[in-house]
Amino acid sequence: MHVLTVAQLLLNGVALGAAYALVALGFVLVLNATGAVNFAQGDLVMAGGMLAVALAPLVPAPGIALLPVVLVLMAALGLLVSVAAYLPLRGRPHVGVFISTIAVGIVLQNGATVLLGPEPRAAPPLLSGGTLRLGELVVAEQSLAIVAVAALLIGAQQWVFARTQLGRRLRATAQDPEMARACGVPVTAMILATFALGTAYAGAAGLLLANQFFVTPTAGSDLILKAYIAVTLGGWGSVPGAVAGALVIALFEVGVSAVLSYPVAMGALYVTLLVVLVARPQGLFGEVARRRA
Amino acid sequence: MKWRGAVRRASLVLGAVALLAYAVLYASPYGLRVLTVAGVYALATVGFQVVFGLGGALSLAQGTFFGVGAYVTGILGSQLGWAFPATFPLSLAVPVGLALLVGLPVLRLESHYFALATLGIAQVVLLLAVNTPDLTGGANGLAGVPGIVLFGWAVPRGLPLAGVVWACVALGAVAAAMLARGRWGRALTLVRDDPLAAATLGLDVGRLRLTAFALSALYGGAAGALSVHTQRVVSPEVLEFPVMVAILTMAVVGGRGRIAGAVLGAVLLVHLPEWFRGLERSYLIVYGLALLAAIVLAPHGITGLLDRLLPPRSRPLPEPAPLPDRASGGALRVEGLAKAFGGVRAVDGVSFTLEPRRVTGLIGPNGSGKTTLINLISGLERPDAGRVRLAGGDMSPRDLAGARPDRVARAGIARTFQAASLPDDATVLEAVAAARLERDPSVAQAEAHALAVLERLGVGGLAGRPCGGLPAALRRRVELARALARQPAVLLLDEPAAGLTDGEKADLARHLAAVAAEGVAVLVVEHDMGFLLPLAGRVVALDQGRVLADGLPGEVVRHPAVVAAYLGEGSP
């Protein structure tokens, strides 16, 4: 294979992986804060994409101008989801949240179908949608823009969590809610904020993906699977692991489907996942939980 | 409250009669078709309740077993022209075979990893179905699947087909309900609530989970086969995730772990979209909202709501039955046992002997390796080196080091945990009877024996209480009863007196002395010397994973090295 083709594929893979990383990041933040799986995460990505599609005619500017609007509106949606589907089920077995977020997903999916129809839609490109020449290499401007936006958002999350008072409180809530509450951290507010952040990032991923890959109301189920796999590969609960896992999945997807075909790539991904799980039952970086009997 | 039991039973019968009356008298052909689909899903959900509700494993492969059963019937029926009597058993056998094949590696995984692994299997099977068009018809699927033929009678659509499907549901539901109530179901519930405790009570956790997984596949395959006979076509839709979501939702809305809940959930959720059809395109939105409302308002499902309206009658206690005689065991000899976690040598070449008819005390500062030692002997941790030999009454000593916890338990070693581990929802009697499931032929007999043990420890009056609300002292007493119900040769107790009052401690000491007098070798880990020293015939002192002293209680506690280790005056 020509070296330029490989470079091209690599860029496509990293761009896809950057978008997946946003999805997985939102998923793992909520997971850490609540211990529960938010199964609507994929459908929230779809909702973000659809929101971008719906907003585009109203905003005569490139897609990047939509980003703040999508982030804010999706954060509000995240608050709504947590109030409706998480807070009432707090303190009960986690499988309850699994089901309630599935229900949220059903509402989002069919809401999108009713409002916008079942056919695939494309959001506007982030910038002009053209291509750039870097020497002999021709790259899609959109791919570079996706990587840049995702890197910016992930960097912002890392900065907030590492450097600010809010971030310390969010981390304390994720590590040990009981202890955080005892130390005066408003745990419920922190959980709501985590849902808002996770959903905003899902929405951003929707905006990023919905130009090259289109968006359909049923796109969510595929995305939640990938977020789930990314988080498992990276180690259940590990934030950098989730981002790394998302990149691995995307490179795998792009690489294998370029050489063979997309179904083979997907099949190989799931088989690899199974082998990883069987070889390391606690996940790649997970620790064995030991009971102090 | 006798009438409540009668009302509960009557409401079950009444529900069945109402369903039957609706089917025979009122249902349109379309209504019958919907009812048939509900029956198909009920069967799949009953199987799912076994693995998820009773076994606690969030399997996301139930939809796959459904789809595989559907494809087996579809391929054999439409491609090869095989008839129902041949295709149906194969549609059950192939999913069961798949479950056994993938279950062995996958069932070892922790909850979320297990869910994801089963989801991965589901995706692989779906990809295979879509991408092998020669066999499966690819994305279009296969048409022209023959209907059901029973003893030469081709079952027509409408009422007869609905009848056959619902007969299968009734058969499957009754069989599952009987299994759930019996020894196997009880054991599986304990595996769900506390797999570690289940293993230390002699239950083979891996085998129970695998059986439950295979059983769920059996029901899934049957449902899939019946669904194809109803639709007469099979397409990749049967393997897609929405089928799995529907089954999971039905199980939770009906009531997790409840067989009647599976049937109720399936009937309700299959009909729900029909009732909202009038809303035209937005009916699925309302369906999603209704589902959300159901899980928020009735987290224990419909059967949980019914239980609150008509609380189940508490069953009368059985007559206590004395435990059968058991040959008393021999001594337990621990030789050179060692275990390191990372660089820390938690247990470092420990040897001692537990003699029958004697209480041996195990003392040492926090972190000296006492609990790890008990975990190594009882099989919860694998030792890096050393032997654990248990002399039987008539057998030569066996080396139990590194054996699985259930094997260790069956060899006659019982233990308690530092934090008493009892399932919150079970009654005290059920919790103690769990210790007898591996040995007694029926639940009734296990409970009769359990009650005898509880009475012997003076807590027979607690039998009907749920474990969840018990104060710490009583929890410890119940856990002791559970360990004694094993009739162990060796009893390992991890801080049994922690948090007890002086009076409770004296009472416990009296019981432990009596247990030892019957020929049991008892090991007690304890910090309270006032409790331990009068009780113990011998004391072993540990520090940093090594034996500091081993001898008569009075000598050991005055041993300079032991005093130094406890008071932290540097090592000798």
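Chain A has 293 residues, for which a compact globule would have a radius of gyration near 19 Å; the value for chain A is 19 Å, which agrees. The radius of gyration is taken over C-alpha atoms, and the globule rule is 2.2 Å times the number of residues to the power 0.38. The model is predicted: local features need pLDDT of at least 70, side-chain atom pairs count only at pLDDT 80 or more, and totals for chains, interfaces and linings use all residues. Residues are numbered from 1 along each chain as its sequence is written, while chains are lettered from A and ligands numbered from 1 in the order in which they are written.

The predictor assigns the complex an ipTM of 0.85 and a pTM of 0.86. For chain B the average pLDDT is 87, and 96% of the residues score at least 70. Here pLDDT is the predictor's confidence in each residue, from 0 to 100.

Chain A holds 11 helices and 2 strands. Helices (H or I, at least four residues) and strands (E, at least two) are DSSP runs, numbered from the N terminus. From that end, the order of elements in chain A is α-α-α-α-β-β-α-α-α-α-α-α-α. The C-alpha atoms of chain A fill a box of roughly 60 × 50 × 35 Å along the principal axes. Of its 293 residues, 50% count as buried. A residue is buried if 20 or more other C-beta atoms lie within 10 Å of its own, exposed if 12 or fewer, and partly exposed in between; C-beta atoms are placed from the backbone. Among contacts in chain A with a separation of 6 or more, 74% join residues 24 or more positions apart. Two residues are in contact if their C-beta atoms, placed from the backbone, lie within 7 Å.

A:Val83 is exposed, with 12 other C-beta atoms within 10 Å. A:Leu192 is 109 residues away from A:Val83 along the chain, yet their C-alpha atoms are separated by 7.8 Å.

Chain B contains 23 helices and 12 strands. Its C-alpha atoms fill a box of roughly 90 × 55 × 45 Å along the principal axes. Of the 572 residues of chain B, 53% count as buried. Residues 24 or more positions apart make up 73% of the chain B contacts with a separation of 6 or more.

In chain B, 4 strands form an open antiparallel sheet in the order 4-3-6-7. Strand 4 (344-354) and strand 7 stand at the edges with a single partner strand each, so one side of each lacks a neighbour in the sheet. Two strands pair if DSSP finds at least two bridges between them. Strand 3 (residues 332-341) and strand 6 (residues 385-390) of chain B are joined by 5 bridges. Within this pairing, B:Ala338 has B:Ala385 as its bridge partner, and B:Arg333 stands opposite B:Arg389. Strand 6 is joined to strand 7 (residues 398-399) of chain B by 2 bridges. There, B:Leu390 stands opposite B:Arg398.

Strand 11 (residues 538-543) of chain B has 6 of its 6 residues buried, so it is largely enclosed by the rest of the structure. B:Arg538, B:Val540 and B:Leu542 point one way, while B:Val539, B:Ala541 and B:Asp543 point the other way. Strand 5 (residues 358-363) runs parallel to strand 11 of chain B, with 4 bridges. B:Ile363 stands opposite B:Ala541 in this pair. Strand 12 (residues 546-551) pairs with strand 11 of chain B in the antiparallel sense over 5 bridges. B:Val540 has B:Asp550 as its bridge partner. The hairpin of strands 11 and 12 of chain B has 2 residues between the strands, and B:Gln544 takes a positive phi near 50°.

The contact between the chains takes 38 residues from chain A and 41 residues from chain B. On the chain A side, helix 4 gives the most, with 12 residues. This side divides into 26 nonpolar, 9 polar and 3 charged residues. Ala, Val, Leu, Ile, Met, Phe, Trp, Tyr, Cys and Pro count as nonpolar, Asp, Glu, Lys and Arg as charged, and the others, Gly among them, as polar.
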